[in-house]
Amino acid sequence: MAIGAIPFIGQAIDLYDTLMSAKAWYDQRNVRGTLLENAQFDMLLALIGWIPGPGDGIKKSLRLVNKDPQRFAPVMFDLLRFILRECGINTSPEALLEQVFNPGYLKAQIAEIKAEVLSSSLFEELPDSAQSGIRLTLNLAENQLPLLAAVVDRRVKSWQRVQFNSAAKGSTGGRAKVPPPEHRSPDTSRQGQERHNQGSSQSSLNTIVAEVDPRTLTNEMVGISGEHIADYYCLETLNWNKRGWQAHDQGHDGRWLEQPSKHYIGKLSHRGALYRLADGPNGTGIDAVWRAERASNDNKLYAVIEAKASRDEDRPKFLDRPNNKRKPGIGGLLRDNARDLLKRRARDLIKDPSELLEPMEDDNSSTNQGTTGVAKPGGGSGKRGSSRRGSSRPTQQGHPSSAPASTTGTQQKTPLPIYVQMSHEWIEKNIKQALPPGNVRDEFLLTSTIIYSRHLFYSPYYHPSGSPKRHMEAKLRRSPPSEHTAHDAFHYTEDEIKKAVNKRKKLLREKHGNLPTLKEER
């Protein structure tokens, strides 16, 4: 368990929970009976919450059952099956509990957990007396893990007796209280069990299990989820050399059988690596450039990719219609830098035209853009004017095009370039930073014809497949790659993007005139 690498929100939740549970146990250290057992029970679950994958779900589920056993104990295994299914783990609830409550297994984790808690800023901000008590309690937990496990095991065993059914073929908790009716065939019994598994207890799981609040998702989590999904959609669904890439969600640790190039299909940008869900923000500019399969790329060699994602829960109603093929509109997803230019010009603070295209990166920058919500960090990628190449173009007189007007008001300002994201002008401006030096980049820069097709992938939290939701939650919970193996999003192709770009350009021409960067695309 690489605790040092966990995202800060999930880490803060586990830290806070562990600190509060340790304090509660310390406060009850001199009492006996139920109050002490409750504190010990809660302490062990706080430690289990640190386990990647199912740990957080187990903690929440058992706390829920413990709060109201009469109501929730009968569906405890249903809750655990739900967690196993979401984590992609093929085992039974009994086997899962047996593993996570094994003192030997927890012993291997607790040293790292202690180190993380005791070095945290949350712990350091506590009074000395509280720090001393928590440190004592964590040491006690490490030395008394079998005792804590026994406390939890007693309660869980009592809840197992009232389960509607068990996922295990053989019981690990003793003989069954009621044998199956002898007059039923095995097929009949199995069908009845399956119907029950899909019955009322399963239908209520979504309301019982505490789900992630989308508002807790940061821009980084949302954005990298969209980029990760877009990369693997290109690889798997569009089949851009699926067999040529080794390893899912391994980033630069994954590899192509042959380095992608003009003659070998694969990702050309980002040194060929597919985005990992664990990656951080990727800056501004073009998300990805691929050497594509012509059959799924308008017969073009290359593809320019834009990835969008959103935490918005407002699911369009038309998605629920039978046989719906409609997709959300993308007009609002494509950004431009017009508003930022107007603000800066109004302040009359511009000394160099390159300042107009913030947020921008140096020509030496090697990072690519990342989506955040609908807009990306810093508003880049053509949003509010993300510039990389050609941002400071001199006029014919050799002076900056945005030189401030003279105090007499007689000097005319040269119109500043306005770029619409994913337009050909925007791509031309950003391609140099997206691709490494070489033949492919030279081909983009020097060829007068369009040698690529454009693709936009939109991964909102509400996507019908559930794929973006699972990825964002996996990012939040630092779950393993096995928990987010399906990659699906709304896919927009060349014609749809051209239509959206032209619509945005038309609106901008009405406000700013017929600028060269706002020409209609044919």
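These legends walk you through several close-up views of one predicted model.

Figure 1. Start here to get your bearings before zooming in. The chain has 522 residues, and 49% of them are buried. Its exposed surface comes to about 26100 Å², with 49% of that supplied by carbon and sulfur atoms. Now think about which residues touch. Taking contacts between residues at least 6 apart in sequence, 74% join residues at least 24 apart.

**Figure 2. Tyr302 and Phe444, one of eight aromatic pairs in the structure.** How far apart are the ring centres of Tyr302 and Phe444? The distance is 5.3 Å, and the planes meet at 45 degrees, so the pair counts as tilted. Tyr302 is buried, with a relative accessibility of 1%. Phe444 is buried as well, at 11%.

**Figure 3. Tyr458 and Phe490, a tilted pair.** Here the ring centres lie 6.4 Å apart, and the planes are at 35 degrees. Tyr458 sits in strand S6 (residues 452–460) and Phe490 in strand S7 (residues 490–492), so this pair ties together parts of the chain that are 32 residues apart in sequence. Are these two residues buried or exposed? Both Tyr458 and Phe490 are buried.

Figure 4. Look for Trp240, Trp245, Trp256 and Trp290, which together form one aromatic cluster. Then find Asn241, in the loop between helix H14 (219–237) and strand S1 (245–246). The phi angle of Asn241 is near 70 degrees, a positive value in a residue that is not glycine. Asn241 is buried, with a relative accessible area of 19%; the cut-off for buried is under 20%.

**Figure 5. His270, another residue with a positive phi.** The phi of His270 is about 55 degrees, although His270 is not a glycine. Where does His270 lie? You can find His270 in the loop between strand S3 (266–267) and strand S4 (288–291).

**Figure 6. Two charged side chains placed over aromatic rings.** In one view, the charged end of Arg155 sits over the ring of Phe41, at 5.1 Å from the ring centre. In the other, Lys429 lies over the face of Tyr419, and the distance to the ring centre is 4.8 Å.

**Figure 7. Helix H3 (residues 55–67) and its buried residues.** This helix has 13 residues. From its first C-alpha to its last, helix H3 reaches 18 Å, close to the 18 Å expected at 1.5 Å a residue. An α-helix has 3.6 residues a turn, so residues three or four places apart point the same way. Keep that in mind as you pick out the buried residues of H3, which include Ile58, Ser61, Leu62 and Val65.

**Figure 8. Two buried cysteines, Cys87 and Cys234.** A disulfide is a covalent bond between the sulfur atoms of two cysteines. How many disulfides does a search of the whole structure find? The search finds zero. Cys87 has a relative accessibility of 6% and counts as buried. Cys234 is buried too, at 0%.

Methods: Residues are numbered from 1 along each chain as its sequence is written. This is a predicted model: local features need pLDDT of at least 70, side-chain atom pairs count only at pLDDT 80 or more; totals for chains, interfaces and linings use all residues. Side-chain values use heavy atoms; hydrogens and water are left out. Rings of Phe, Tyr and Trp (its six-membered ring) pair if their centres lie within 6.5 Å; planes under 30 degrees apart count as stacked, over 60 as edge-to-face and the rest as tilted. Buried means under 20% relative accessible area, exposed over 50%, partly exposed in between (1.4 Å probe, protein chains only). Helices (H or I, at least four residues) and strands (E, at least two) are DSSP runs, numbered from the N terminus. A charge sits over a ring if NZ of Lys or CZ of Arg is within 6 Å of the ring centre and within 35 degrees of the ring normal. Contact means heavy atoms within 4.5 Å. Accessible areas come from the Shrake-Rupley method with a 1.4 Å probe; for residues, only the protein chains shown count as cover. A disulfide is a pair of cysteine sulfur atoms within 2.5 Å. The expected span of a helix is 1.5 Å times one less than its number of residues.
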